[in-house]
Amino acid sequence: MSLIITLVAAILIFGLVIAIHEFGHFTVAKLCGVQVNEFSIGMGPALWKTTRKGTQYTLRLLPVGGYVALEGEESPESQQWEDEDAPDGSSSEEASAPSDPEPEEKPEGRPLNEAPVWQRMLVMAAGAFMNFVLGFVLLLVLITARNEPITSRVIYEVKEGALCGQTGLQAGDEVLAVNGRRCFVANDMVYELMRTESYQADFTVKRDGKKVELKGVQFDTWQDEEGKTHMSLGFTVYGIKKTPLNVLKEAGNSVLYYGRIIFTSLLDLMRGRESINDLSGPVGIVTAIGQAASYGWEDLLELVVLITINLGVFNLLPLPALDGGKIFFLLIEGITGHAVPEKLQTGLTVAAFALLFGLMIFATYNDVLRLITGAMG
């Protein structure tokens, strides 16, 4: 039964995150007057489809993706729409034969490549933006539903004898940044301190209305039964009363927090601070969804927040196979007045797809290996 619940939860979560992403592309394309040929949830054979105002809406068999096929966009999705344009699933050439009794709806919009560069950039960025919006809405629900108050960045008390107090921190300090990174929420402090390697950090605080730089604040450590060393914070912070404004601010700042830790983790991976063996693929995500679902709806919802913001950040990376890569090409076109040659775009996109596919296979191998190791252990 738990396996069925995990699979159902995974399908619903993947479907929601992908649908909201594609809905962003779809909505902005429509607003910009671009012809949307198909809006599809899922990949593979079509289970259901209908056409409204020149756009085909499709539900497909495999809940592992989705797409928006735009007129004038050279992509496999657009070609797939053309090949399935006939009501009986025949090719587009067969669909245009005189024997086809159903009239075709005339497209209402213009091709994507005829829209201004700035509009095309908005269409490409809209998917990731909607992932951030979804994360914001879910965080609003989570923060509102929790019984505990919002955690502030203002230090309430420094424990007696704590090393952090001896090396700079004081009660009443409002933490603005740790190691030069601005703290949006209390978790930013914890995350930055977790990344320190010497159990000390530079703090920027507001004290008595003035900004104060505290260099080399040190923290106490302790060891567990396995001999691993852990940091002890040595201070507590104030809580904030839940008002509508405070909840909105905390949700917005939490989106920034999640987005930054995802981006920072990617940078750490490229710089070698994190091992590539820690990468997780679809199997690992489904496993995490199952574990979160067993803990309760709040943990599951928090994982969905992480997944949707992760997708938003990842899609904005300047890789040719992603929305960020398309935005980068459009930025070059906007600056130079000339589009990047189609052959170059295609070659780079194919290479990027191959790299991403290879990484997914490697991450899936890691996931399976971890599952086997866990089962044997």
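In which loop does glycine 209 lie? Glycine 209 is in the loop between strand 6 (200-207) and strand 7 (210-218).

The views below come from a predicted model, in which local features need pLDDT of at least 70, side-chain atom pairs count only at pLDDT 80 or more, and totals for chains, interfaces and linings use all residues. Residues are numbered from 1 along each chain as its sequence is written, and side-chain values use heavy atoms, with hydrogens and water left out.

**Figure 1. Overview of the protein chain.** The secondary structure comes to eleven helices and ten strands; helices (H or I, at least four residues) and strands (E, at least two) are DSSP runs, numbered from the N terminus. Of the 377 residues, 37% count as buried, where buried means under 20% relative accessible area, exposed over 50% and partly exposed in between (1.4 Å probe, protein chains only). Among contacts (heavy atoms within 4.5 Å) between residues at least 6 apart in sequence, 64% join residues at least 24 apart.

Figure 2. Glycine 209 counts as exposed because its relative accessibility is 67%.

Figure 3. Lysine 53 lies between strand 1 (36-52) and strand 2 (55-70). Although not a glycine, lysine 53 has a positive phi of about 50 degrees, and at 60% relative accessibility it counts as exposed. Asparagine 179 sits in the loop between strand 4 (174-178) and strand 5 (181-182). Asparagine 179 is not a glycine either, yet has a positive phi of about 55 degrees; with a relative accessible area of 36%, it is partly exposed.

**Figure 4. Glutamine 119 in helix 4.** Helix 4 (residues 117-145) contains glutamine 119, which counts as buried at 11% relative accessibility. Leaving aside residues up to four places away in sequence, glutamine 119 touches Cys32 and Arg110.

**Figure 5. Packing of helix 4 on helix 7.** Helix 4 and helix 7 (residues 244-271) pack at about 130 degrees with their axes 9 Å apart. Axes are lines fitted to C-alpha atoms, for helices over the stretch in contact, and angles run from 0 to 180 degrees between N-to-C directions. The angle makes helix 4 oblique to helix 7; under 35 degrees counts as roughly parallel, over 145 as roughly antiparallel, 65 to 115 as roughly perpendicular and the rest as oblique. Residues making the contact include Phe132, Phe136 and Leu140 of helix 4 and Val247, Ala251 and Tyr258 of helix 7. The contact residues divide into ten nonpolar, four polar and one charged. Here Ala, Val, Leu, Ile, Met, Phe, Trp, Tyr, Cys and Pro count as nonpolar, Asp, Glu, Lys and Arg as charged, and the others, Gly among them, as polar.

**Figure 6. Packing of helix 6 on helix 7.** The axes of helix 6 (residues 186-195) and helix 7 come within 11 Å and cross at roughly 15 degrees, which makes helix 6 roughly parallel to helix 7. Asn187, Asp188, Tyr191 and Arg195 of helix 6 take part in the contact, with residues of helix 7 including Tyr257, Arg260 and Asp268.

**Figure 7. Helix 10 and the residue after it.** Among the buried residues of helix 10 are Ile327, Phe329 and Leu330. Just after helix 10, glycine 337 takes a positive phi of about 85 degrees.
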